[in-house]
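Dear colleague,

I am passing on the structure below, together with some notes on what turned up when I went through it. Please read the notes with the model open beside you.

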Amino acid sequence: MDNSSYEGGSGIGLSTSNYMLKKMKLKADFTSNDIGTRVAIGRAQPKVKPEVNSMITEM
C-alpha cells in the first residue's frame, strides 16, 4: 500500500464535520501555515442580501 490511512480518512472526517456545522447553523474558518491548521467555529450569518450582512457586522 502506498497511501496511509490518514490521507483517505481526512475526506470522510471533513464531510462529517461540514454536515454537522450546517445542521447546527455554524460556520468554520480554516487558517493554515507551516506549523499546522487552525479552525475557528462560530455562528453563521443568516442568508440575506450581502448589503444587509455588512450592516449587521458594522453594528
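Lys27 counts as partly exposed, because its relative accessibility is 38%, and its side chain meets that of Asp29 in a salt bridge, with 3.8 Å from N to O. Asp29 is likewise partly exposed, since its relative accessible area is 41%. Side chains of opposite charge can pair when their charged atoms come close. A search of the whole structure finds 1 salt bridge, so please keep in mind throughout that this is a predicted model.

How far can the prediction be trusted from one part of the chain to another? The mean pLDDT of the protein chain is 75, and 59% of its residues reach 70 or more. Confidence is highest in S1, at a mean of 89, and lowest in helix H2, residues 50-58, where the mean is 61. Where pLDDT is low, the predicted coordinates should not be read in detail.

As for the overall layout, the chain contains 2 helices and 2 strands, and, read from the N terminus, these elements follow one another in the order α-β-β-α. The two strands, S1 and S2, pair in the antiparallel sense over 7 bridges, and a hairpin of 4 residues joins S1 to S2. Within this pairing, Ala28 stands opposite Ile41, which belongs to S2.

Strand S2 is hardly covered, for among its 7 residues the count of buried ones is 0.

Leu21, which lies in helix H1, is one of the residues that do count as buried, because its relative accessibility is 12% and the cut-off for that word is under 20%. Leu21 and Gly42 are 21 residues apart in sequence, yet their C-alpha atoms are 9.4 Å apart in space.

On the surface, Leu14, Phe30, Val39 and Ile41 form a nonpolar patch, and together these residues have about 420 Å² of accessible area. Val39 is found in strand S2, residues 37-43, and it is partly exposed, because its relative accessible area is 43%.

Finally, which residue other than glycine has a positive phi? It is Lys25, whose phi is near 55°. Most residues other than glycine have a negative phi, and most peptide bonds are trans. Lys25 is placed in the loop between helix H1, residues 5-23, and strand S1, residues 26-32, and it counts as exposed, because its relative accessibility is 64%.

With best wishes

How values were computed. Residues are numbered from 1 along each chain as its sequence is written. This is a predicted model: local features need pLDDT of at least 70, side-chain atom pairs count only at pLDDT 80 or more; totals for chains, interfaces and linings use all residues. Side-chain values use heavy atoms; hydrogens and water are left out. Patches are made of residues with over 30% relative accessible area and no salt bridge: like charges are joined within 9 Å, nonpolar side chains (Val, Leu, Ile, Met, Phe, Trp, Tyr) within 5 Å. Accessible areas come from the Shrake-Rupley method with a 1.4 Å probe; for residues, only the protein chains shown count as cover. A salt bridge is a side-chain nitrogen of Lys or Arg within 4 Å of a carboxyl oxygen of Asp or Glu. Buried means under 20% relative accessible area, exposed over 50%, partly exposed in between (1.4 Å probe, protein chains only). pLDDT is the predictor's confidence in each residue, from 0 to 100. Two strands pair if DSSP finds at least two bridges between them.
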